[in-house]
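I opened my notebook to look up a pocket and some charged pairs. Here is the structure I had on screen, and my entries follow it.

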Amino acid sequence: MKTLICTLLATAALVAPARAQSVMRHDYPIQAVSFTKVQLADNFWLPRLKTNHDVTIPASFQRCEATQRVKNFEMAAARTGKFATIFPFDDTDIYKTIEGASYSLQLYPDEKLAAYIDALIAKVGKAQEPDGYLYTARTIDPAHPHPWAGPERWVNEREMSHELYNAGHLYEAAVAHYEATGQKSLLTIALKNADLVCAVFGPGKRHVAPGHEIVEMGLVKLYRVTGKPEYLSTAKFFIEERGQYKGYDPKSPDVFKNGAYWQDDQPVYAQTEAKGHAVRAEYLYSAMADVAALTGDQRMLAAVDTIWHNMVGKKMYVQGGTGAVPGGERFGANYELPNTTAYNETCASVANVYWNQRMFLLHGDSKYVDVLEKILYNGLISGVGLDGKSFFYSNAMQIKSSAGFPQTEPARAGWFDCSCCPTNLARLMPALPGYVYAQKDRDVYANLFISGTTDLTVAQKAVRITQQHNYPWQGELKFTVSPAVATNFNLLVRLPGWARNEALPLGLYQFATPSNQKISIRVNGQSVAYATRNGYAVLARKWRKNDVVEVALPLEVRQVVAHANVQDNLGKVALQRGPVMYCAEWKDNGGRASNIIVPAATRFATAYQPNVLNGIMQLTATVPVVQVDAANSTVSTTRQTMTAIPYYAWANRGKGEMTVWFPQQLTDVDLISRKAPESTVSK
């Protein structure tokens with residue numbers, strides 16, 4: 001009865017979410033402008049969001065049906081049957097797809113999709129046990145639960161059961177559905193489960209550091225909607241439980257035995273490195289940012305700042321990917337960033353977007369958005385094919401026809417037994433409008449350059465801002481600012497690091513040579529001098545209807561070099577233009593890519609190709625390529641035209657070689673590249 005009363009009270013609070021916000025003593029200094037207030041009209045992103053709506057989300061729901069993920073809920077409701085899928089976290093694929101579909105309904109109203117979501121939510125509700133417990137891997141047959149689950153509730157949560165992981169994705173989906181539709185059907189289910197979790201875990205109750213983080217982020221979202229303090233305090237409790245378990249062996253170098261795999265080897269306040277399973281880690285760090293912001297915990301803020309600097313400065317790939325080590329899908333040692341065995345799970349890119357958005361909201365520094373943008377345009381969207389229904393779980397940095405690595409994916413798949421990545425993409429993509437703008441009092445931040453319109457309230461006055469450009473292919477940006485009445489405020493336009501001679505913050509990657517091209521800004525046709533703050537141009541004025549800001553960003557093809565401690569990239573360069581990283585693929589380069597040399601003096605031509613890979617800016621140059629005479633065991637070079645395409649677009653035309661990093665001279669070409677090529681297999 002007590003749990004029921006708490007749920008009813010929390011649900012009643014939803015009638016006035018603003019009141020819930022008002023009880024918060026602390027929060028992020030900067031607030032993101034809600035996805036509900038931003039309408040996109042962008043040539044690059046809008047087609048992708050449309051494909052996500054028309055193809056990815058329906059395919060995800062269909063595959064959840066076909067693989068019996070939905071049936072698990074039906075059997076749980078009937079309390080009979082046998083768990084029909086492989087993993088106890090398969091429930092989350094339904095939650096994540098509901099989350100993405102809810103966001104997508106804001107972009108593309110769809111009665112048929114909305115009705116399907118309603119029916120699915122009804123099945124989820126029927127599968128919930130009377131006290132709020134929701135975990136089909138146990139509820140279907142409590143006497144014979146999934147082997148990862150343990151014989152009783154929660155007993156294996158520290159490592160394998162994923163009971164709280166499932167709950168976290170339920171909460172995230174419920175809040176998205178409520179915000180997008182105004183309906184409380186899924187939210188009521190989530191609140192009932194959250195009240196159970198808060199009743200079970202906490203000081204003087206059950207203690208555990210969740211084996212796979214995300215429940216912490218989900219609880220924070222429920223707190224934001226309801227204002228119920230137990231949700232925030234329980235999120236903080238879970239974070240602070242890390243490093244408390246005495247059953248690990250601190251002397252063992254094995255990350256599974258010493259707890260580092262689960263970020264559980266030290267209290268979070270003592271952690272200084274990004275470690276363990278990359279997705280779990282980045283969900284944890286996102287939650288640490290949330291809790292630090294909402295509680296004013298300065299020690300937690302200092303810890304997450306330190307970990308961010310370690311990750312960006314020593315453990316991130318040049319295209320934004322993270323999690324170098326296939327064994328455990330985890331971070332490796334500092335500068336351990338191999339190419340041929342790179343893992344870069346797509347889910348880690350999703351989690352890293354969440355984390356960097358939160359770091360920006362904490363600090364208001366453009367470097368966090370620079371990292372976020374690098375992930376978005378490269379290591380994230382590489383995870384989904386241009387067809388919207390084929391995916392990478394891992395994202396390779398190099399594919400060779402003459403040598404392979406078992407966990408490297410040379411081609412996309414339609415689904416995976418562990419299908420966390422496709423459904424994670426389905427939920428993030430339509431949430432993109434919520435990353436474009438942010439606001440703090442009279443400061444309005446333009447973070448992402450995505451064409452569309454937003455309606456804001458600044459100093460209690462309505463303001464509309466419209467972006468019109470062809471980013472990332474062109475660097476001419478146009479912002480039209482239209483307040484209802486003349487209004488004083490600051491428009492802060494991000495000056496991307498790549499336009500300021502910074503490949504990425506902290507120096508893990510740098511441009512090989514500096515550029516002397518500058519960013520220019522005009523207001524109503526007149527060049528203006530501007531102050532800068534934390535990587536933003538601060539345009540302070542009384543804005544009037546249809547004021548126009550034009551920003552010219554220098555788009556050049558730049559060669560990128562890695563820190564000398566990244567052994568795999570010594571003597572090599574990568575190619576970047578604007579925020580986009582490039583690769584060479586077999587299709588455009590005579591069936592090979594690993595034999596291409598890019599000397600320092602190479603100059604690339606650029607041309608937009610509307611009929612190639614759904615429209616790309618293509619790079620070409622005449623460069624040396626390695627030639628092998630197997631009969632005479634000789635190696636030589638000849639010159640031919642090299643073509644490079646955006647990294648995100650590779651593996652959409654068949655299977656074959658691909659590379660991101662290019663040797664600058666023959667002596668740095670991998671020996672394996674000198675072998676005679678094997679035949680290339682096409683689709």
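**Entry: Arg-358 and its partner.** I looked up Arg-358 and found this residue buried, with a relative accessible area of 10% (buried means under 20%, exposed over 50%, partly exposed in between, with a 1.4 Å probe and protein chains only). The side chain of Arg-358 meets that of Asp-290 in a salt bridge, 3.0 Å from N to O (a salt bridge is a side-chain nitrogen of Lys or Arg within 4 Å of a carboxyl oxygen of Asp or Glu). Arg-358 sits in helix 15 and Asp-290 in helix 13, so the pair ties together parts 68 residues apart in sequence. Helices here are DSSP runs of H or I with at least four residues, strands are runs of E with at least two, and both are numbered from the N terminus. Asp-290 is buried too, at a relative accessible area of 4%.

**Entry: what I am reading.** The model is predicted: local features need pLDDT of at least 70, side-chain atom pairs count only at pLDDT 80 or more, and totals for chains, interfaces and linings use all residues. Residues are numbered from 1 along each chain as its sequence is written, and side-chain values use heavy atoms, with hydrogens and water left out.

**Entry: other salt bridges.** I noted 30 salt bridges in the structure. One of them joins Asp-27 and Arg-224, at 2.6 Å from N to O. Asp-27 lies in the loop between helix 2 and strand 1 and Arg-224 in helix 10, so this pair connects parts 197 residues apart in sequence. Is Arg-224 buried or exposed? Arg-224 is buried, at 17%, while Asp-27 counts as partly exposed at 23% relative accessibility.

I also looked up Lys-236, which forms a salt bridge with Asp-297, their closest N and O atoms being 3.3 Å apart.

**Entry: the largest pocket.** I found about 1200 Å³ of space in the largest pocket. On a 1 Å grid over the protein atoms alone, a pocket is an open set of points with protein on both sides within 12 Å along at least five of seven lines, and lining residues have an atom within 4 Å of a point. The volume is the space filled by probe spheres set on the points, which are joined across faces, edges and corners. Of the 38 lining residues, those closest to the centre are Gln-31, Ala-32, Ser-34, Glu-179 and Arg-224. Elements giving two or more residues to the lining include helix 10 (215–226) and helix 15 (346–363).

Terms used:
1 Å grid on protein atoms, 1.4 Å probe; cavity = no way out; pocket = protein on both sides within 12 Å on 5 of 7 lines; lining within 4 Å.
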